[in-house]
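Trainee: I would like to learn how to read a model of this kind with care, one feature at a time. Could we go through it together?

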Amino acid sequence: MRAGDRFFKNLTTGAGAFIVALIALIGIFLVVQAIPALKADKANFLFNHGWSTGDPANMSFGIADLAEVTVATSVVALIVAMPVSLGIALFLTQYAPPKLARPFAYVVDLLAAVPSIIFGLWGILVFAPAIEPFSQWVNTTFSWIPIFAPGNVAPNVRGTIFTAGIVLAVMILPIITSLSREVFERTPTAQIEGALALGATRWEVIRTTVLPFGKAGYIGASMLGLGRALGETIALAVILLVPQGRNFDWSLFDGGATFASKIAQNYSEFNNPTSAGAYIAAGLVLFVLTFLVNFAARSIVGKKLR
């Protein structure tokens with residue numbers, strides 16, 4: 001092996017090992033810092049819905065509500081964002097002329113550069129009032145369905161998972177769209193031209209060549225967007241109302257806090273190591289959850305590629 005090749009191999013191997021070591025160190029730090037708080041916890045950490053960490057000598061906290069709200073907002077965001085992103089990506093790669101596709105793609109990509117706090121303020125001050133009549137109608141008309149029942153912050157329908165999920169969908173839209181567009185653009189030209197030569201319509205070309213070729217990439221992009229949604233902090237901290245006296249009950253019109261927004265909203269308790277350890281324990285769960293999502297995404301993409 002040449003000296004240059006050997007150097008490059010060692011450099012890339014070292015870079016990969018450094019990232020793995022860094023992630024491992026972060027995990028170890030979270031575990032070490034969380035253990036004292038978990039020992040002082042007087043409740044079941046995994047299944048308790050309450051959160052009381054103000055008194056380090058009498059702490060009772062659990063992540064049940066945090067986990068449920070985190071998953072609910074992320075799933076709502078993914079359900080809204082996935083079909084919209086797919087439509088935009090197909091339009092930009094298969095239908096739009098280049099003169100329109102390029103600037104349109106730039107505009108979509110620029111959404112990723114908007115700070116989270118801006119999305120949060122827009123969501124609660126502009127979007128929530130605008131969608132309130134529709135939210136009220138859904139809440140009233142379909143209240144017999146548990147996911148549309150009056151929530152734990154009723155009659156308020158603004159600072160709910162329904163609103164937060166849609167705003168979160170807008171935030172992850174550029175990630176899924178951009179990656180899906182890149183994959184769809186790499187569909188072999190020979191396959192597309194062959195389908196057209198056989199008399200296929202544009203939609204038939206998309207259905208028989210573009211979508212099968214880009215399916216794995218689209219799923220991977222969606223899972224990456226899900227990872228982004230799980231860790232969103234400031235926007236959800238601004239939008240979601242924290243209920244008093246009622247736990248999360250799997251209604252889209254519930255309020256609550258996600259792992260990340262809970263940590264951000266209660267930074268004032270970090271002056272005590274034990275109290276801070278409770279939030280670090282919640283962060284550890286989010287850390288593991290994100291890893292599991294990425295592992296699942298890699299497994300799905302790997303199976304599709306095979």
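Trainee: What pattern does the protein follow, read along the sequence?

Mentor: Before the pattern, two conventions: this is a predicted model, in which local features need pLDDT of at least 70, side-chain atom pairs count only at pLDDT 80 or more, and totals for chains, interfaces and linings use all residues. Residues are numbered from 1 along each chain as its sequence is written, and side-chain values use heavy atoms, with hydrogens and water left out. Helices (H or I, at least four residues) and strands (E, at least two) are DSSP runs, numbered from the N terminus. Read in that way, the protein follows α-β-β-α-α-α-α-α-α-α-α-α, which amounts to 10 helices and two strands. Its C-alpha atoms fill a box of roughly 75 × 65 × 30 Å, taken along the principal axes.

Trainee: What percentage of the residues in the protein is buried?

Mentor: Burial is judged from relative accessible area, where buried means under 20%, exposed over 50% and partly exposed in between, with a 1.4 Å probe and protein chains only. By that rule, buried residues make up 42% of the 306 residues.

Trainee: How many residues does the largest nonpolar core have, and which of them have the most contacts inside it?

Mentor: A nonpolar core is a set of buried Ala, Val, Leu, Ile, Met, Phe, Trp, Tyr and Cys residues joined through side-chain atoms within 4.5 Å. The largest one here has 72 residues, and those with the most contacts inside it are W51, F61, I161, I172, I176, L252 and F253. Helix α5 (residues 161-185) supplies the largest share of this core, 12 residues.

Trainee: Which residues does I161 touch, beyond those up to four places away in sequence?

Mentor: Contact means heavy atoms within 4.5 Å. With those sequence neighbours left out, I161 touches V69, A72, T73, V76, L240, F248, S251, L252 and D254. As for the protein as a whole, among contacts between residues at least 6 apart in sequence, 74% join residues at least 24 apart.

Trainee: Where is T160, and is this residue buried or exposed?

Mentor: T160 sits in the loop between α4 (116-141) and α5, and it counts as buried because its relative accessibility is 0%. Leaving aside neighbours within four places in sequence, T160 is in contact with V153, L240, L252, F253 and D254. The C-alpha atoms of T160 and I124, which are 36 residues apart along the chain, are separated by 9.9 Å.

Trainee: How many aromatic pairs does the count come to?

Mentor: Rings of Phe, Tyr and Trp (its six-membered ring) pair if their centres lie within 6.5 Å; planes under 30 degrees apart count as stacked, over 60 as edge-to-face and the rest as tilted. The count by this rule is 13 aromatic pairs. One of them is the tilted pair of W51 and Y279, with 5.2 Å from centre to centre and 50° between the planes. Because W51 lies in strand β1 (residues 51-52) and Y279 in helix α10 (residues 273-305), the pair ties together parts that are 228 residues apart in sequence. Both partners count as buried, W51 at 18% relative accessibility and Y279 at 3%. Elsewhere, F134, W137, F142, F148, F162 and F253 form one aromatic cluster.

Trainee: Which residues is L284 in contact with, leaving aside its neighbours within four places in sequence?

Mentor: L284, which lies in helix α10, is in contact with G27, L30 and V31. The C-alpha atoms of L284 and I26, 258 residues apart along the chain, are separated by 9.4 Å.
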